[in-house]
Amino acid sequence: MSRRDPHSFSDLEQGRVQSLDLDLNVNFATSRIEGKATLYLAAPAGGPLDLDTRDLEIKGVSASSGEALDWEIAAEDDILGSCLRVQLPEGATSFTIDYATSPEASALQWLEPAQTDGGKHPYLFSQCQAIHARSVIPCQDSPLARFTFTAKMTVPEDLTVVMAAAPGTAAASEKPGTHSFSFEMPQSIPPYLFAFAVGNIVSQDLGPRSRVYTEPETLEKSAWEFADVDKMLLAAEDVFGPYLWDRFDFLVMPGSFPYGGMENPRLTFLTPTLLAGDRSLVNVLAHELAHSWTGNLVTNATMDDFWLNEGFTVWAERRILENLDGQEAKSLAAAIGRNGLMEAMNSFGMDSPFTQLQTDSKGSDPDEFYSLVPYEKGFLFVALLEQAAGREKFDAFIKKYIKHFSFTSITTGQFEEFLNAELPGIAEKVQADKWIHQAGLPDNAPVFESERLKMLEDLAKGWSDGQRPEVAAAAKWSPEDWQIFLQALPRTLPLEDCAWLDDNFNLTAQGNSEILCNWLIIATGSGYEPTFDRTAKFLGDVGRMKYLKPLYTTLYNGDKTKDLAKQIFAANAGGYHPIARGGIERIMAG
Ligand code: BES
Ligand code: ZN
């Protein structure tokens, strides 16, 4: 099976790189990583081999004999970066690239000490999904490719390196003032899962297979919030079969991490905005854990098959939730998800091709068309398959699917074939073709009923008619209750209504980032000045795009708050990850 990835210059027919040895020096003074990458081919090759790069400075390429090889780098494409063409001698099995990253590398964020919790040490981290690995290593940057690797990283001696690999070992280095960490990744990964962080990082064990890493200031809180990780791991194995990555560790990141979580194998990255102090946001950890099967074992072949990663993972995340917290909790989560889906679909337009499960994204930037559609429409489709087949049969199907495709990358078509072979008749029964290839939401989408959800939404819908929650009752609402209620309120409220909500429920002082963000969208979007400072502070502390994007959109579109949006962005842009900065620039340009 060969398929060209629309987001990669490399052509795997020319030769597959099956492993890498990295020897990298991290230079905080110049914001550059300098070093060597040795690429090993799965079979001897000769002639041109194309690799993906972005903003890399190539210093030279050499054969395993040490002989210098010809190479050329093409002009930069805005979305894809630059193709690096290396001329391999006949029968080559490996070659080495001497290179440096740019201070603007799109995967990397270099943090000043002031942007960390401790405030004393700099920090560096990577975020490679979807197509940013090429800004860190010259590689075949397509999820169709897979490699194992070893990595030696040399960093200032007061800093620690952690990597999505087997735990590293530190050793002295020849360069004064530095030390080196050596890692090995025995399981083969697609390039978007390559990840590391450098900083003042410590850890605490949470179970036989899990440990949390973070800065010392955040360790206790993190260990408490995610104490149930081992229970989750067992629940996930129940759904999918054995966990094949040995350990499941995770890293709680500085505030500027642009996502809620990233499933980097053996070292999930998590936003600190999950540290609500009440364990109410741990579903993100369950989600990243579930990717250990759907995504990291069975990988989407291209970004057009992204729903295979995210749809199945949201489905699994909610199965884990059902297992740990019961059916009502799952229905509530599914119902919140459906609200988000409808909002995302409506903003694209119900007939937009971006609302299909399998997309056709040639020529577009994956960061730009990122949305909830593959997550929540994907979830509903998988849940529908589960209903149609019956749980027992579907559970057996999922385990077989994982086993069959483990450590490979598959297209939507391969999934459809497997479905037809293993659960004959089900695809027709649920009109799978319509779900996968057509826009919009088919009317046979499963509905998740929740009494509580209905009560809260009805209450919010009556707001304009003067309906108000009873203060004593609402003071006892769970974080999920508040999230639903706020999301169901009108997007702007009269100023006295904002004041009533804030006076009674102290929303501006909320520590739960989901509640806070939903509240600030309404209050600041309504021009309610008492929340302006809190909004400015939140947008300075947090780099998670889930919060930045709707908040900046609301502020930028409000007559009273447009200038505020510009001011806040001007003050904080330098502190955002390049991916987040790009996302907000697009909002403020349009
Ligand atoms: N793999 C994604 C994050 C991602 C997707 C990064 C595409 C870059 C490109 C991760 O698993 C994810 O989905 N995170 C969600 C959390 C989840 C509970 C929906 C997030 O960051 O909000
Ligand atoms: Zn995900």
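I take two strands to pair if DSSP finds at least two bridges between them. Strands here are DSSP runs of E with at least two residues, helices are runs of H or I with at least four residues, and both are numbered from the N terminus.

**Entry: conventions**

I note that this is a predicted model, in which local features need pLDDT of at least 70, side-chain atom pairs count only at pLDDT 80 or more, and totals for chains, interfaces and linings use all residues. Residues are numbered from 1 along each chain as its sequence is written, chains are lettered from A and ligands numbered from 1 in the order in which they are written, and side-chain values use heavy atoms, with hydrogens and water left out.

**Entry: the sheet**

I began with the pairing of strand S14 (residues 211-214) and S15, which is parallel and runs over 2 bridges. Within this pair, I found Tyr213 bridged to Leu251 of S15. I then looked at the other neighbour, strand S17 (residues 267-270), which pairs with S15 in the parallel sense over 4 bridges.

I next followed S17 to S16, where the pairing is antiparallel and extends over 2 bridges. Gly261 has Leu270 in S17 as its bridge partner, and Met262 has Phe269. S16 and S17 form a hairpin with 4 residues between them, and Arg266 in the turn has a positive phi of about 70°.

In what order do the 5 strands of the open sheet stand? I recorded the order as S13-S14-S15-S17-S16, with mixed pairing. The edge strands are strand S13 (202-205) and S16, each of which pairs on one side only.

**Entry: ligand 1**

Which residues come nearest to ligand 1? I count a residue as near if one of its heavy atoms lies within 4 Å of the molecule or strand in question. Of the 18 residues around ligand 1, the nearest are Gln129, Gly260, Glu263, Glu288 and Tyr375. By class, I listed 7 nonpolar, 6 polar and 5 charged residues in this shell. In this scheme Ala, Val, Leu, Ile, Met, Phe, Trp, Tyr, Cys and Pro are nonpolar, Asp, Glu, Lys and Arg are charged, and the others, Gly among them, are polar. Strand S16 (261-262), helix H3 (283-290) and helix H4 (306-325) each supply at least two residues of the shell.

I then looked up distances from oxygen atoms of ligand 1. A polar backbone atom of Gly260 is 2.6 Å from one such atom, a polar side-chain atom of His287 lies 3.2 Å from an oxygen atom of the ligand, and for a polar side-chain atom of Tyr375 the distance is 2.6 Å. Taken alone, ligand 1 exposes 520 Å², of which the protein buries 92%. These accessible areas come from the Shrake-Rupley method with a 1.4 Å probe; for residues, only the protein chains shown count as cover.

**Entry: two single residues**

Is Asp50 buried or exposed? Asp50, in strand S2 (residues 32-53), is buried, with a relative accessible area of 7%. I found its side chain in polar contact with that of Arg85 at 2.7 Å. A polar contact is a pair of N or O atoms within 3.5 Å; within protein, one must be able to donate a hydrogen and the other to accept it, and residues adjacent in sequence count only if both atoms are side-chain atoms.

Ser347, in helix H5 (residues 327-348), counts as exposed at 63% relative accessibility. A polar atom of its side chain lies 3.0 Å from the backbone oxygen of Ala344.

**Entry: the whole chain**

I recorded 20 helices and 19 strands for the protein chain. Of its 590 residues, 61% count as buried. Its C-alpha atoms fill a box of roughly 80 × 60 × 50 Å, taken along the principal axes.

Technical notes. Buried < 20%, exposed > 50% of the residue type's maximum accessible area, 1.4 Å probe, protein only.
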